[in-house]
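Q: Could you take a close look at one part of this model and walk me through it? I would like one connected account, with the cut-offs spelled out.

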Amino acid sequence: MNNTVISVHNLVKKFGSFVANDNLSFEVYAGEIFGFLGANGAGKTTTIRILSGLSKPTSGEVNVAGFDAYDQTEQIKKNIGYMCQKFSLYEDLTVKENIILYGGIYGMSRSLIRKRLIELLAKLRFQEYENRMISDLPLGLRQKLAFSVAVLHEPKIVFLDEPTGGVDPITRRQFWESIYETASRGITVFVTTHYMDEAEYCDRISIMNDGKIVALDTPENLKKQYNAGTVEEVFIKIARPV
Amino acid sequence: MKRFLGFVKKEFLHIFRDYRTLFILFGIPVAQILIFGFAVSNDIKNAGVAILDLSHDEITLKLTDKIISSGFFKKTETLLNYKDIDRVFKKGKTKAVIIFENDFGRKLISEGKASLSIIADGSEPNTATLVTNYTTAIVNDFTTELAGPVLNNSIRISPEVKMFYNPNLKSHYMFVPGVVTLILILICALMTSVTITREKEFGTMEVLLVSPLRPIQIILGKVMPYFILSFINVLLILALSWLVFDLPVKGSLILLLAECMLYILMSLSLGILISTVSANMQQAIFISLIGLMLPTVLLSGFIFPIENMPKIYDYISSILPPRYFIVIIKNIMIKGTGLMYIWKETLILIIMTLVFIGISVRKFKIRLE
Amino acid sequence: MALLNQGCPGKRFFQQKNNYQMVKAIESSGISKKFGPTKALDNISFSVNESEVFGFIGPDGAGKTTLFRIITTLLLPDEGKMSILGMDSTTNYKELRKNIGYMPGRFSLYQDLSVEENLNFFATVFGTSVEENYELISDIYSHIEPFKKRLAGKLSGGMKQKLALSCALIHKPRLLILDEPTTGVDAVSRSEFWDMLGKLRKYNITIIVSTPYMDEAIRCDRVALIQNGKILSIDTPQKIKAGFSRKLFTVKSAEKYKLIKTLRKNPEILTAYPFGDSIHVTLNNNTLDNSLYEYLASEGIGDAIIMEAEAGIEDRFLELMEKDNGITNKA
């Protein structure tokens, strides 16, 4: 478990005089489910943008999937997947078209896309939906498909932004099962959310406040440390809003 | 009443807080008037002409003088022979060359007929046409002046240029009414439809509906600020056209303003109607721009005269309110006529307004479906 | 009741307040609503007592917003009857709208108006003033009052939510309807928000609130679990939890995915679902003995820890959903 896929040392990101990320240091390991928590405006989004190669750090060392966040952002982008709750799939394309599109975007060969498509439809028991528009699918199915598409190209790391917000309990549990399955294949899952019940599922979590990481450990250890019953209680104890 | 005033106050806050709205409301009309007035103007001013006078007599000199002193033209060069024509056009300053034939004056007096050629720079067709038209007009003017006392009406007068209401050929006379017509319908309809659909889109309409505000209060509250601002707009445009273009209102100013209010009201109610059929701001803007601006520009008689249109366009244009308003405003501003000549158009506008308001109030939903 | 249905405007309305004590705040029977072929609501019946905090808990798309729009008179039901504050929601909507405070699902205030201007506007629209009802909102509004000149669009998520609540309360409604007020808001602000709702109890305002987050159920007096346009259960959160029909066990191991798959293979296991840091398991014979440990060890999971646990709202929801759908996750 100790293969580091994300390593961040003394990361600082400033926008003018505003310090969005204030000297962050943490590591994420291969196959880990890492929860990245924080209140609105704590600086989570800034960090994610840096980790996914969309923005450059002001200072500090950031290495993602073996590539440098300053000058190897293109390689970083090829080695990560991304899924957020709001946008993920094109609603006016069919399931199949979406899969082919994303496979193409990540430069996968035709035969590989074909193979993954069949695997995916079988795994999700999705065959009957192959030629259905995304907009016709129930929310839960869309969410599962979006996740599968995000890991279609077998990235080293997949970033999930509030992946199960608002879904029903059955879908949510199935969703987490596929996250576990993905992690067991060695893909690192990096989850950002401000819903603390999602945090409970993670292997380790970090809590950010005011641009700094104020806690980083397993949910269990944090609950012990702060004498709390849930991660939510931990969060309320240490992350006062700005 | 307090509720209603509170609502109106809120609308004013929206308008004054959004620089874009203010710009559309006041910046665009002013810009349009100035652009149409100066840049896109059909007038020519100091267009370069060169003269090739092969006759060099008293009459050609007089005519040349009249052309140059008209203010429309500026003499660039005096040419000596035909070969110079090509050269002078290539320099680019000269838009036309006026050529008097040999013995121009003598032929005109003795034979009653002399020929004058105008060669214009066809690479600028619009200017070329204008230059030739203007020159022809001046020449005609000149021949009539000459004909009376001297020659017993024996001089041949060719194209007749009729400029009864616009003797100076100034096109502001045509543009100011057109721009007022276009701007008012665009701004009023666009603004009201956008402001209502914006409430739908941001979800605030939901909250307004679940309040004791009545639909008519919401509609009037939306319309009131724009009515006032559009009226100020009219005053602004009229003042501008008077100060900058010396364009006076020939007829009754009161009548003109009253007709403008009617037209504003019509446009606002049209805007509400648009908002009741559009689901979001994008649609509202689309309908207002494509559905109103294009037909107004193309079919209302603003640029192209309706008489010259195929019948089908004539029919289409007859359902466009701007068509009637343009007649009204031209009559009052330029011809100075009174209500008895435009009552028909006025009545049509009133009926249209009532129909639009009627449909809007009926279609305005008290619920979300 | 019939008499009140006539809707009595003005002062008479309030003089009859005593009679209202016997009336339910909301009484809904057989409400159905279709959008095209989709049934958004299917035969919804429930009643809400005066002055209670009533929660509708269910995922996105369950029909919560549609139901709330019917309650706020913004939509008409296709079938069924709803009586709100003793008035019929279809015929008497004008009178009703005066007595309802509504906070829609998304932030529905004017972003280009300041905090103060928004509040004043809603006060005027409802024919009152901020001063008149300041006491009611003071607890909430005091948090944002220092920023009253700031444009609403520039507020943080938590502050927007407080402003929206202040605006919904400013006319002292008898019924407060909050559609997913805590969605998109961080945990600290969410917790504060529920505390504020708790403080409103002393003003006898009936509050109905919807949320997709099961853990918020405990903040309500009673909740209705809603899914696919149907109500699965209505009760106090405690009783809903107690309704879980089996014993629930949590199983923990380092390798969660392997653990789930291994558990599902065992015929003794009825259900196995991931939940937080463990797997929630129910057993066919409902009793735990050493055989499960032995089974897991034989499958190469030696580090398993199994404990009996108290079922949560989400566990019960899941159970009800399965009953409703006839789904089990046994492969």
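**A strand and its neighbours**

A: Happy to! A:Ile157 has A:Thr188, in strand S8 of chain A, as its bridge partner. The chain gets from S7(A) to S8(A) by way of helix H6 (residues 169-184) of chain A, in a right-handed β-α-β crossover; right-handed means that, with the strands pointing away from the viewer, the path from the first strand over the helix to the second runs clockwise. Helices (H or I, at least four residues) and strands (E, at least two) are DSSP runs, numbered from the N terminus.

A word on the basis of all this: the model is predicted, so to speak of local features takes pLDDT of at least 70 and side-chain atom pairs count only at pLDDT 80 or more, while totals for chains, interfaces and linings use all residues. Residues are numbered from 1 along each chain as its sequence is written, chains are lettered from A and ligands numbered from 1 in the order in which they are written, and side-chain values use heavy atoms, leaving out hydrogens and water.

Back to the strand. S7(A) covers residues 157-161, and S8(A) covers residues 188-193. These two strands pair in the parallel sense over five bridges, where pairing requires that DSSP finds at least two bridges between the strands. S7(A) also pairs with strand S6 (residues 80-84) of chain A, again parallel and joined by five bridges. In that pairing, A:Tyr82 has A:Phe159 as its bridge partner. Four of the five residues of S7(A) are buried, which leaves the strand mostly covered; buried means under 20% relative accessible area, exposed over 50%, and partly exposed in between (1.4 Å probe, protein chains only). As a general point, side chains in a regular strand alternate between the two faces of the sheet.

Chain A also meets chain C: 33 residues of chain A are in contact (heavy atoms within 4.5 Å) with 36 residues of chain C. Between them these chains bury about 2,900 Å², 57% of it on carbon and sulfur atoms; buried area is the accessible area (1.4 Å probe) that two parts lose on being put together, summed over both. On the chain C side, C:Val188, C:Tyr213 and C:Tyr257 lose the most area to chain A, together 20% of what that side buries. The interface holds eight salt bridges, each a side-chain nitrogen of Lys or Arg within 4 Å of a carboxyl oxygen of Asp or Glu. C:Arg190 and A:Glu232 form a salt bridge, with their closest N and O atoms 3.9 Å apart.
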